[in-house]
Amino acid sequence: MRSLLFVPGDSERKLDKGLNSGADALILDLEDSVSAANKPAARELSRDFVANRRPTGPLLVVRVNDLTTGLTDDDLAAVMAARPDAIMLPKCSGYADLEHLSVKLRVHEADHGIEDGATRIIPIITETGASVLAGSTYRAHARLGALTWGAEDLSADIGASATRDETGVYTEIFKLARAVTLLAASAAQAAAIDTVFPNFRDKDAFRKDCVAGIRDGFTGRMAIHPAQVPIINEVFTPSADAVAHAHAVIDAFAAAGNPGVVGIDGAMYDRPHLRRAERLIARAQAAGTA
């Protein structure tokens, strides 16, 4: 997944608009963008939207309310019968929360005749100070679709007045949360999805932020507005030149019998370069460009 577009679960108009955004996945939000009074209606609307999905449409992910709210079970009871592709778990405080949700999903899958383990989980792992410190607890899990992070909720939890400095660069605590997400995703053998960029009107700054994200190891990004989706898809889709170079690296290793090091056009490439090339080709294949 390159682009994941947030859509309020209580807005039929925005849900329909999201279908035509070009996003790889829609995140049907039952949490922050939905008021307490509207949550029952949002559950019903989201359930019906998932149940009536287009065969060739985007993946459908439901962001439930976090496990401390007492609302998670009601969210799952409403939407699981419709068979969403994944559940996004906000304020995930560590691997134990991932396991906790997995057990709940297994029960719902059994109740609705869904294949055991079919529903993926995408946890948001940095929305509290404790969650950031628990980043080292993540490891491979059969349901883990990706890991992502959040800056805004973390700022509220720790009392920060801003997430970025006057030049637009994350302050140190948010750089740490971002880095923890990348490292946790690597440890868990999962995709790392970058967080939202709230100022959707500043497309130039957003593009630069996306370029920095893919440079550092993120493979996709969440969007809060359809206008951000084309930028994400462009930046996170490997270019033709990058794909050609990756194929050249892979072919050179194969032709040489997969040694530790090969030479290509006067430059030396070792096994980490091969791994990076393989990962890039996997991303290009997922995007349909390889």
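On a 1 Å grid over the protein atoms alone, a pocket is an open set of points where a 1.4 Å probe fits, with protein on both sides within 12 Å along at least five of seven lines, and its lining residues have an atom within 4 Å of a point. The model is predicted: local features need pLDDT of at least 70 and side-chain atom pairs count only at pLDDT 80 or more, while totals for chains, interfaces and linings use all residues. Residues are numbered from 1 along each chain as its sequence is written, and side-chain values use heavy atoms, with hydrogens and water left out.

**Largest pocket**
- The lining of the largest pocket comprises 41 residues, and Gly217, Thr219, Arg279, Leu280 and Arg283 lie nearest the centre.
- Helix 11 contributes the most to this lining, nine residues; helices are DSSP runs of H or I with at least four residues, numbered from the N terminus.

**Nonpolar core**
- A nonpolar core is a set of buried (under 20% relative accessible area, 1.4 Å probe, protein chains only) Ala, Val, Leu, Ile, Met, Phe, Trp, Tyr and Cys residues joined through side-chain atoms within 4.5 Å.
- The largest such core has 56 residues, of which Leu26, Leu28, Val62 and Ile87 touch the most other members.
- Helix 7 supplies the largest share of this core, six residues.
- Beyond its neighbours within four places in sequence, Val62 is in contact (heavy atoms within 4.5 Å) with Leu28, Leu30, Val50, Val79, Pro84, Ala86, Ile87 and Met88.

How values were computed
Helix = DSSP H or I, 4+ residues; strand = E, 2+ residues; numbered from the N terminus. Buried < 20%, exposed > 50% of the residue type's maximum accessible area, 1.4 Å probe, protein only.
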